[in-house]
Amino acid sequence: MALSKLSSSSSRLTNLLKPVTTSFLLHRPISTDTTPLTIETSVPFISHQCDAPSRSVETTPKELLSFFRDMALMRRMEIAADSLYKAKLVRGFCHLYDGQEAVAVGMEAAITKKDCVITAYRDHCTFLGRGGTLLEIFSELMGRKDGCSNGKGGSMHFYKKDANFYGGHGIVGAQIPLGCGLAFAQKYSKDETVTFALYGDGAANQGQLFEALNISALWDLPAILVCENNHYGMGTAEWRAAKSPAYYKRGDYVPGLKVDGMDALAVKQVCKFAKEHALKNGPIILEMDTYRYHGHSMSDPGSTYRTRDEISGVRQERDPIERVRKLILAHDLATEKELKDIEKEVRKEVDDAIAKAKDIFHSPDAVICFSYSQESPMPEPSELFTNVYVKGYGVEAFGADRKEVRGVLP
C-alpha cells in the first residue's frame with residue numbers, strides 16, 4: 001500500500017519520549033506550568049535547498065496540555081460532525097480532518113493571528129485553531145444563522161476575517177494563488193507577517209500552484225505553501241498520481257522541508273522556521289506527512305482503496321493525540337485520570353455547542369435524539385440575495401416569471 005514505507009518511521013516513536021532537558025516543576029495546577037521543557041522530534045526533518053531546523057523543540061507543560069486538549073476537541077468535533085451528517089442534519093459535502101489535527105495545532109503554536117491562513121475544503125479544525133467557536137462551526141454545518149458564514153457557506157466555506165482566516169475553498173488548488181496574493185499584500189504593507197496556504201497532495205499537481213510559486217519567488221513574497229500529504233487524493237494513492245511524490249522538492253528553486261505531520265511539536269518547529277525564512281528570503285514549501293482516518297468526504301467509506309489494517313496501524317503507531325498523551329505521562333505532567341477528565345470535558349463542550357446550534361435532548365433509551373425546535377434559526381429568505389451584488393445600485397430581484405419583484409437590494 002501507499003503507506004507501507006511509512007511504518008519504519010513509527011518504530012522511532014519512542015524518540016518522542018526522549019527529553020533533552022527534564023527539569024520542570026511538578027506542582028499543580030499543571031495547566032499553568034510554563035517551566036521550559038525540551039523535546040526531540042520523532043524523526044529528522046528532510047530539507048531541500050535549505051538547512052533543516054533543530055530537532056530539539058522548546059515547549060512547556062502548559063503548551064503540551066493545551067495541545068492535548070485542542071486536538072481532543074478537534075477529534076471529538078469531527079466525530080460529532082460525522083454523526084450529524086448521518087442523521088441528515090448536515091447536507092452537501094463534508095470533509096473531515098480527524099488524524100491530521102497536529103498540523104492545525106502545531107502551526108498555530110508557531111504563528112500569530114496577524115499571520116494569514118487559507119486552506120481547501122477540509123477546514124473545520126483549521127477554523128477552530130484560528131479562534132473560531134464550536135457554535136459557529138456546527139451552526140454553519142447545519143445551515144444556521146449563527147454560522148461563521150451565516151449558514152450560507154456550509155462545510156467547505158468557513159471564514160474568519162478578524163483572525164485572518166480566508167477559507168475554506170471548494171475548488172481544488174484555487175486557494176494557493178489567493179494565498180500568494182495575501183502574501184503580496186503583506187509585503188506591500190511591510191507588516192512583517194506571512195501567509196500559510198494549505199493544500200493536499202491531490203492539489204500538488206495543479207498548474208496554478210507552480211504559476212503562483214514562480215511569481216512568489218520572483219518577488220520574494222512571504223508565502224509558505226503547506227502540502228498536507230495524507231497520501232490519498234480522494235481515492236487515488238499518491239504514487240499513482242504523482243511521478244515525484246516528494247512534494248517538498250516540487251518548488252525546484254524554492255526551498256522545502258518534509259516534516260512528520262503527526263507530531264505537533266515537529267510541526268510547530270518547522271512552521272516557526274518557515275516564518276523566519278519567508279520574512280527574510282521569500283517562499284518555502286512544507287510537506288506535512290500526515291493521514292486522515294475518514295474517507296475523502298462523508299460519501300467515501302475510505303476502505304475501498306486502502307485496507308482497514310493500514311488505517312488501524314496508523315492509529316496505533318502514529319496518532320497525534322496518543323503521541324502527546326505519552327509525552328505528558330512520561331514527563332509526569334498529568335495523570336491518566338486527569339487526561340480522561342479533559343476528554344470528558346471536551347465531549348460535553350461539543351455536545352453543548354450542538355445543543356445550541358440545534359436543540360438536542362438526551363434520553364436514557366437513545367444515544368442522541370434530535371428535535372426540530374431551533375435555537376439557532378435558519379437564515380432569512382432575503383439572505384439569498386445578499387453578498388452577491390455590489391450595494392448601492394438598487395438592483396431588483398425578480399421571481400421565476402420575471403414579473404413579480406421579490407425585493408430591491410440595498
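This is a predicted model: local features need pLDDT of at least 70, side-chain atom pairs count only at pLDDT 80 or more; totals for chains, interfaces and linings use all residues.

Trainee: What share of the contacts join residues at least 24 apart?

Mentor: If you take contacts between residues at least 6 apart in sequence, 71% of them join residues at least 24 apart.

Trainee: Can we zoom in on one residue? Where does Ala 163 lie?

Mentor: Ala 163 is in the loop between helix H5 (134-141) and helix H6 (175-189).

Trainee: Is Ala 163 buried or exposed?

Mentor: Buried, because its relative accessible area is 4%, and the cut-off for buried is under 20%.

Trainee: Which residues is it in contact with, leaving aside neighbours within four places in sequence?

Mentor: Ala 163 touches Lys 113, Asp 115 and Arg 130. Look at Lys 114 too: the C-alpha atoms of Ala 163 and Lys 114 are separated by 6.8 Å, although the two residues are 49 apart along the chain.

Trainee: Let's follow Arg 130 then. Where is Arg 130 found?

Mentor: Arg 130 is in a loop as well, the one between helix H4 (124-129) and H5.

Trainee: Buried or exposed, that Arg 130?

Mentor: Arg 130 counts as buried, because its relative accessibility is 1%. Its contacts beyond four places in sequence include Glu 108, Ile 111, Val 117, Lys 160 and Phe 165.

Trainee: What lies 3.1 Å from a polar atom of its side chain?

Mentor: That's the backbone oxygen of Thr 112.

Trainee: New topic, sheets! In what order do the 6 strands of the open sheet come?

Mentor: The order is E3-E10-E11-E7-E6-E5, with mixed pairing. At the edges you find strand E3 (46-48) and strand E5 (116-118), and each of them pairs on one side only. From one strand to the next, the twist averages 20°.

Trainee: How do E6 and E7 run, parallel or antiparallel?

Mentor: Strand E6 (residues 195-200) and strand E7 (residues 223-229) run parallel, joined by 6 bridges. Thr 195, for instance, stands opposite Ala 223 in E7.

Trainee: Which helix packs on that sheet?

Mentor: Helix H3 (residues 101-110) does, touching E5, E6, E7 and strand E11 (284-289). The direction of H3 makes about 170° with that of E6.

Trainee: And E4, which of its side chains are buried?

Mentor: Along strand E4 (residues 56-59) the side chains alternate. E4 pairs with strand E2 (residues 37-40) in the antiparallel sense over 4 bridges, and Thr 38 stands opposite Glu 58.

Trainee: Last one: which residues of helix H10 are buried?

Mentor: In H10 (residues 308-318), they are Glu 310, Ile 311, Val 314 and Arg 318.

Trainee: Why are they on the same side of H10?

Mentor: Because they cover an arc of only 100° around the axis. An α-helix has 3.6 residues a turn, so residues three or four places apart point the same way. The face turned away from the buried side of H10 carries the exposed residues Arg 308, Asp 309 and Gln 316.

Methods: Residues are numbered from 1 along each chain as its sequence is written. Side-chain values use heavy atoms; hydrogens and water are left out. Helices (H or I, at least four residues) and strands (E, at least two) are DSSP runs, numbered from the N terminus. Buried means under 20% relative accessible area, exposed over 50%, partly exposed in between (1.4 Å probe, protein chains only). Contact means heavy atoms within 4.5 Å. A polar contact is a pair of N or O atoms within 3.5 Å; within protein, one must be able to donate a hydrogen and the other to accept it, and residues adjacent in sequence count only if both atoms are side-chain atoms. The arc is that of the directions from the helix axis to the C-beta atoms. Two strands pair if DSSP finds at least two bridges between them. Axes are lines fitted to C-alpha atoms, for helices over the stretch in contact, and angles run from 0 to 180 degrees between N-to-C directions.
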